[in-house]
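Biologist: I have a structure on screen and want to learn how to read it. Can you take me through its features one by one?

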Amino acid sequence: MARCLTIAVAQTGPIQRSATRAETVGRLVHLLEQSAAAGAEITVFPEMALTTFFPRWRIDDQAEIDAFFESAMPGPETQRLYDAAARLKIGFALGYCEFAREDGRTRHFNTMDLVGPDGRFIGRYRKMHVPGSAEPEEGTTTHLERRYFEPGNLGFPVFDYRGVRVGMAICNDRRWPETYRMFCLNGAEVAVLGYNTPLLLDEAPALAHLRMFHNHLPMQAGAYQNTLWVAAAAKAGLEDGQALIGGSCIIAPTGEIAAQAISLGDEVIVHRADLDLIATCRKVNFDFALYRRPDQYRLISEPVGSHV
Ligand code: CDT
């Protein structure tokens, strides 16, 4: 019998700034219930799934900024989601803004946690590729993630989820080939990720028609070239005046999109992922142990800025 993991991707529609955590968590619980009813064993939620994507604004009041962050996971408002996971026996990956107390100071990360079907914490990933700037820049869509977040410091860990090796990534990470190769080298079988991607970028209006293509292209390539399943959840629709793309999907190691969301709202898509397909794809082209030439790729890990 084939080894399988039935994966649900829970896209959310917009989460407006006016929404309370209780309302938002209620939506996530409902999506988790839909996933479980469809027979899924894991649910993938978007990046920053508890709040609006606030880096679209410059905010100076620290108390206002802090309100987007979680200092404990689960906390009093998110416990309900963890209880639902244990009740429904379905785990999840959830993106959120993390306050971490490390090195004697408070640190801010764009984070995703993996939670098991018993509602218990399995592992954590902190976004590595943090895009945008610290200050608004003339002629570009305001995207101030570098103002509010430090780059991740946990590497690209891969965790055991019911015997399946799962890695996590967050939004801009999906555009970088290194993300998937790190998963692959760490033995991942499934990469789960969440994203908030603006539909329009002021810096490149001529490329507007390619936004969805450039969403799927790196994920399909990453899945194919690293023989992984990729499950990606968007936050979609008109959020606080900014249009976010949808296109949440589940991609096979063949590079094919096996399931895709069709709305810009809360929507669950499900696919029974055949993990044996990974071995088949490796046989076709990607015997990594035999064909990779790491000694010839050293430039890839040389310091940033030394060549480009
Ligand atoms: N959230 C996130 O990482 N979004 C980026 C948009 C960056 S625009 C400066 C993305 O890659 O979709």
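**A loop and its contacts**

Modeller: Start with Thr78: its side chain reaches the backbone nitrogen of Gly75 at 2.7 Å. That is a polar contact, meaning a pair of N or O atoms within 3.5 Å; within protein, one must be able to donate a hydrogen and the other to accept it, and residues adjacent in sequence count only if both atoms are side-chain atoms. Before going on, note that this is a predicted model: local features need pLDDT of at least 70, side-chain atom pairs count only at pLDDT 80 or more, and totals for chains, interfaces and linings use all residues. Residues are numbered from 1 along each chain as its sequence is written, and side-chain values use heavy atoms, with hydrogens and water left out.

Biologist: Where does Thr78 lie?

Modeller: Helices (H or I, at least four residues) and strands (E, at least two) are DSSP runs, numbered from the N terminus. Thr78 is in the loop between β3 (69–70) and α3 (79–88).

Biologist: Is Thr78 buried or exposed?

Modeller: Buried means under 20% relative accessible area, exposed over 50%, and partly exposed in between (1.4 Å probe, protein chains only). Thr78 has 1% relative accessibility, so Thr78 counts as buried.

Biologist: Which peptide bond is cis?

Modeller: In general, most peptide bonds are trans. Here, the bond from Met73 to Pro74 is cis, with omega near -5 degrees. Pro74 also sits in the loop between β3 and α3.

**Backbone angles**

Biologist: How should I read phi?

Modeller: Most residues other than glycine have a negative phi. Met48 is not a glycine, yet its phi is positive, at about 45 degrees. Look for Met48 in the loop between β2 (42–44) and α2 (62–66). With 0% relative accessibility, Met48 counts as buried.

Biologist: What about Arg162?

Modeller: Arg162 has a positive phi too, of about 50 degrees, and is not a glycine. The loop between β7 (158–161) and β8 (164–170) holds Arg162. Its relative accessible area is 48%, so Arg162 is partly exposed.

**The ligand site**

Biologist: Which residues are around the ligand?

Modeller: The test is distance: a residue is near a molecule if one of its heavy atoms lies within 4 Å of it. Around this ligand are Glu47, Phe53, Lys127, Pro131, His143, Glu145, Cys171, Asn172, Arg174, Arg175, Asn196 and Thr197.

Biologist: How does that shell split by class?

Modeller: Ala, Val, Leu, Ile, Met, Phe, Trp, Tyr, Cys and Pro count as nonpolar, Asp, Glu, Lys and Arg as charged, and the others, Gly among them, as polar. The shell has 3 nonpolar, 4 polar and 5 charged residues.

Biologist: Which side chains have a polar atom lying 2.8 Å from a ligand oxygen?

Modeller: Lys127 has a polar side-chain atom 2.8 Å from an oxygen atom of the ligand. Asn172 also places a polar side-chain atom 2.8 Å from a ligand oxygen atom. For Glu145, the distance from a polar side-chain atom to an oxygen atom of the ligand is 3.3 Å.

Biologist: How much of the ligand does the protein bury?

Modeller: The ligand taken alone exposes 360 Å², and the protein buries 91% of that. Such areas come from the Shrake-Rupley method with a 1.4 Å probe; for residues, only the protein chains shown count as cover.

**Sequence against space**

Biologist: How do I compare separation along the chain with separation in space?

Modeller: Take pairs of C-alpha atoms. Leu277 and Cys4 are 273 residues apart along the chain, and their C-alpha atoms are separated by 9.6 Å. Leu277 belongs to helix α7 (residues 276–284), and is partly exposed at a relative accessible area of 23%.

Biologist: And Val130?

Modeller: Val130 and Tyr291 are 161 residues apart in sequence and 32 Å apart in space, C-alpha to C-alpha. Val130 lies in the loop between β6 (121–126) and α4 (145–148). Val130 counts as buried, at 5% relative accessibility.
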